[in-house]
Amino acid sequence: MPSQSLSAGIIGAGIAGLSAAIALRRAGLQVEVYERSRFKNEIGAAISAPPNATAVLRRWGFDFVAAKAVSNLSTRNGLKALATEEEGKNGVVHGEGEGETRRGKGTPVAIRLGCEVQNVDCENGVLMLADGTRVQKDLIIIADGAHASQSTLLADFLGRPAPAQPTSRSIYRWLVSMDDVMADPELAEQYRNKLPGFLSWFDAAKRILWVNYTCRGGSMLNNAVVHDAEDTFSLQGEPSNNERGNEEDMLWHAPAAKETVLEALSNFHPATRRIVSMASEDGITVHRLFKRPPLESFVRGRTAIIGDAAHVMLPTHAAGSALVFESAGVLEALFRDVKGHLSSSANGDVEGKPDMDGERERVIKERFQLFDKLRIPRCNFTMLVSNAGPEALRVPGVEQEIRRFYSGQLPPKDALPWSSEFREVLFHYDAFQEAEQALKNEKAERNPGTDD
């Protein structure tokens, strides 16, 4: 590696970690991802990618056809269409998993599976692995999610414990074949000749929201049922080390029996309840929904946090993964010219040998400060408005808390979660453009009166 190249260590190989890896690789950094799991079992469900997310994915050369993504062109409540968007305007797509990204520029990312990071020296960029190894990196990205159990990495970052707190809500998730759905005459009427998108049913008495939409090229129906939580996740007795890991897994994707789900959905139409019966015996999972108070900063020294590690939110606006792609795009834009910047600094030195280590640290911290300036308002606003639920800005105190971080446009107080007013603010955002403009402004302030 040339001396001016930067090295990045990323903790976590979920959507946030892999997105950051793609972004920093494209920016020219040498990237290693550390993931404690060995990924022996496939875990996942369909996710929504609104326009602010798909803009980043398209820039990376993501193949939506190969990923079998499905455009979201409507939002319906039962048989009634609430809103219909022309293709290309809304731009939301649904895809299962991360799909594939074409090979980008830069050194290929190294992914270390079964490699647990136990502690982080955020100021100096040092990872302490479970086997005792210390790894030095120019910069570190913590993307290990919102663990229900105590996260030592976030505690290292913040200097204090900050576990995610369970809410009173959980979510059942499962996939079924659309062939099975369309073979049922009553169910087929819900989907035949309808634009793809969200179809939802609501049980006001039990406060249950059931949303489904097609994925995998329209061949599968993804179901999500948000309901009041049952305390069914605790292991009995004093857990062993292995059981502690299992307990954390149970909090996020514990198996759910069909009988339990059907009992929760007892007030729904018999036809819709048959979608539960179509799931495979081990196909329904349940996980608790969590919250965490907004953080004041996402950066410390040579370290930044992204994804659920930075902002834990409810799925009101399906915005969690979108913020991940935005943050990764910002990282790419902020760091893609750093190698050239460092080379210019070295070549332009007139005092003798430049202090390259000091220059690297200065540039990294400057770029991370810009990252913080861009991401704190955007992420905290989205998290707070999502966690407030469908009532959003009508919930007392929410707008005041948002204004602690965000001074931009807000939707009207009576706007529904997927209304055009919310889509305008949440989805019509260009992360690359915002980061590139921030860099230009920073350079103009540093060198007034010049074009650099």
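A charge sits over a ring if NZ of Lys or CZ of Arg is within 6 Å of the ring centre and within 35 degrees of the ring normal. This is a predicted model, in which local features need pLDDT of at least 70 and side-chain atom pairs count only at pLDDT 80 or more, while totals for chains, interfaces and linings use all residues. Residues are numbered from 1 along each chain as its sequence is written, and side-chain values use heavy atoms, leaving out hydrogens and water.

**View 1. Two arginines over phenylalanine rings.** Here, the charged end of arginine 59 is 3.9 Å from the ring centre of phenylalanine 432, over the ring. Arginine 58 lies over the face of phenylalanine 64, with 5.1 Å to the ring centre.

**View 2. Tryptophan 174 meets tryptophan 210.** The whole structure holds 9 aromatic pairs (Phe, Tyr or six-membered Trp rings with centres within 6.5 Å; planes under 30 degrees apart are stacked, over 60 edge-to-face, the rest tilted). In this one, the centres are 5.7 Å apart and the planes at 55°, so the pair of tryptophan 174 and tryptophan 210 is tilted. Tryptophan 174 belongs to strand β13 (residues 165-177) and tryptophan 210 to strand β15 (residues 208-215), so their pair ties together parts 36 residues apart in sequence (strands are DSSP E runs of at least two residues, helices H or I runs of at least four, numbered from the N terminus).

**View 3. Tryptophan 210 and phenylalanine 268.** Both tryptophan 210 and phenylalanine 268 are buried (under 20% relative accessible area; exposed is over 50%, partly exposed in between, with a 1.4 Å probe and protein chains only). Their ring centres lie 5.6 Å apart with planes at 65°, so this pair is edge-to-face. Trp174, Trp201, Trp210 and Phe268 make up one aromatic cluster.
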